[in-house]
Amino acid sequence: MGDDLSSLLAIGGALDGGDVLSQKMSIGGPDDRVGVLNGALNSLLGTPSGISGHGKFNEGDASATRDDFYLAGDNISFKPELFKQLHQQALAKGNGTYSVDAIKEHFKNRYAASKAANKQFYFNVPSAAVVMGAYYFIPGFFSNGTIGAGGVANEASITSFYGAKPARDNAWNDIDLDYTHVPERIPEAGWYRRSTPMTVLEAVGGILDVYLYALPALGGSGADDSWVVGPLDLPTSAQGLSCFLYNAIYANFPAELYNTVSLLEKIVNTLSSTIVPGYKALGCEVNFPDAEGSKAAKWEDYVTKYVGPAKLNATGSGWYQKS
């Protein structure tokens with residue numbers, strides 16, 4: 001990863017889950033020592049979520065190998081069936097490799113399936129770019145060598161990084177090949193990282209390539225509550241619009257100022273429910289879970305369900321174990 005791209009992502013992470021003024025960021029979850037004036041105003045403004053808290057940044061739906069949060073409350077666990085679909089596109093579009101053409105087709109299919117199943121589907125900028133970027137990163141970073149310069153996103157490399165174990169050895173060309181999940185790891189032998197760093201220019205070009213191939217409508221609404229107008233996807237119901245507005249504000253707001261969003265939500269919803277009983281003018285049936293884990297006092301409960309043990313079980317790695 002080039003200096004420009006790594007700096008951009010690091011700055012984005014700090015803005016999202018750290019304290020901008022002091023330039024501090026917890027390497028775990030929320031920490032009362034981090035925040036405006038070293039945490040003195042956290043009770044008023046909010047507590048930065050830290051690296052493990054994954055910030056307030058809603059990455060959007062339609063992941064390559066994970067379900068949407070709103071479908072089952074779990075957007076962490078690896079789904080072998082989704083990887084199988086990716087593998088099928090590797091055979092159909094990449095001659096057995098997880099090429100850019102293969103991941104573009106997989107994204108196109110995942111976008112359609114996710115939107116059809118998820119009535120709170122969210123795919124708005126800038127988080128939509130993160131989703132499409134994650135697809136491009138599959139061949140962009142996991143290829144054996146540099147993509148476009150002889151590097152190949154082969155079966156051995158990609159399955160190792162994803163922890164996708166095929167049901168049978170030497171059956172990579174079987175379109176019905178099933179997978180199970182094992183610990184994710186860098187390939188043990190014979191894998192070489194990129195020889196040239198990925199720059200912002202390449203990353204942006206990769207995202208645009210994915211977008212222009214699939215042409216996904218940007219916005220937030222499920223298939224049964226959707227009005228597509230050109231490149232935009234807008235909800236048709238009042239509650240759907242309220243959910244979209246909540247996500248659009250919440251997903252792009254610094255964690256250390258989240259309490260202002262929460263206060264706005266309470267005021268607006270109190271007024272709207274007074275006028276129309278039961279109606280939330282700003283919010284979803286199920287709001288994004290970070291809202292409940294944004295305070296340090298609630299962190300242990302939050303990580304048990306979403307971050308620590310959840311990621312340990314999802315990856316099979318001991319990295320997330322608390323010492």
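Mentor: Contact means heavy atoms within 4.5 Å. This is a predicted model, where local features need pLDDT of at least 70 and side-chain atom pairs count only at pLDDT 80 or more, while totals for chains, interfaces and linings use all residues. Residues are numbered from 1 along each chain as its sequence is written, and side-chain values use heavy atoms, with hydrogens and water left out.

Trainee: Which residues does histidine 87 touch, not counting residues up to four places away in sequence?

Mentor: Histidine 87 touches Tyr98, Glu155, Trp172, Asp174, Leu177 and Tyr179. Its place is in helix α4, residues 80-93; helices (H or I, at least four residues) and strands (E, at least two) are DSSP runs, numbered from the N terminus.

Trainee: Is histidine 87 buried or exposed?

Mentor: Buried means under 20% relative accessible area, exposed over 50%, and partly exposed in between, with a 1.4 Å probe and protein chains only. Histidine 87 has 1% relative accessibility, so it counts as buried. By contrast, aspartate 3 is exposed at 65%.

Trainee: How is a salt bridge read, and how many are there?

Mentor: A salt bridge is a side-chain nitrogen of Lys or Arg within 4 Å of a carboxyl oxygen of Asp or Glu. The count by this rule is nine. One of them joins arginine 66 and glutamate 184, at 3.3 Å from N to O. Arginine 66 lies in the loop between α2 (42-45) and α3 (69-72), and glutamate 184 in the loop between β2 (179-181) and α8, so the pair ties together parts 118 residues apart in sequence. Arginine 66 is buried at 13%, and glutamate 184 is partly exposed at 29%.

Trainee: Which residue forms a salt bridge with arginine 168?

Mentor: Aspartate 174 does, with the closest N and O atoms 2.6 Å apart. Aspartate 174 is also among the residues that histidine 87 touches.

Trainee: How are two packed helices described?

Mentor: By the angle between their axes and the distance between the axes. Axes are lines fitted to C-alpha atoms, for helices over the stretch in contact, and angles run from 0 to 180 degrees between N-to-C directions. Helix α6 (residues 127-142) packs on α8 at about 100°, with the axes 8 Å apart. That makes α6 roughly perpendicular to α8, since angles under 35 degrees count as roughly parallel, over 145 as roughly antiparallel, 65 to 115 as roughly perpendicular and the rest as oblique. The contact is made by Ala129, Met132, Gly133 and Tyr136 of α6 and Glu202, Gly206, Ile207, Val210 and Tyr211 of α8.
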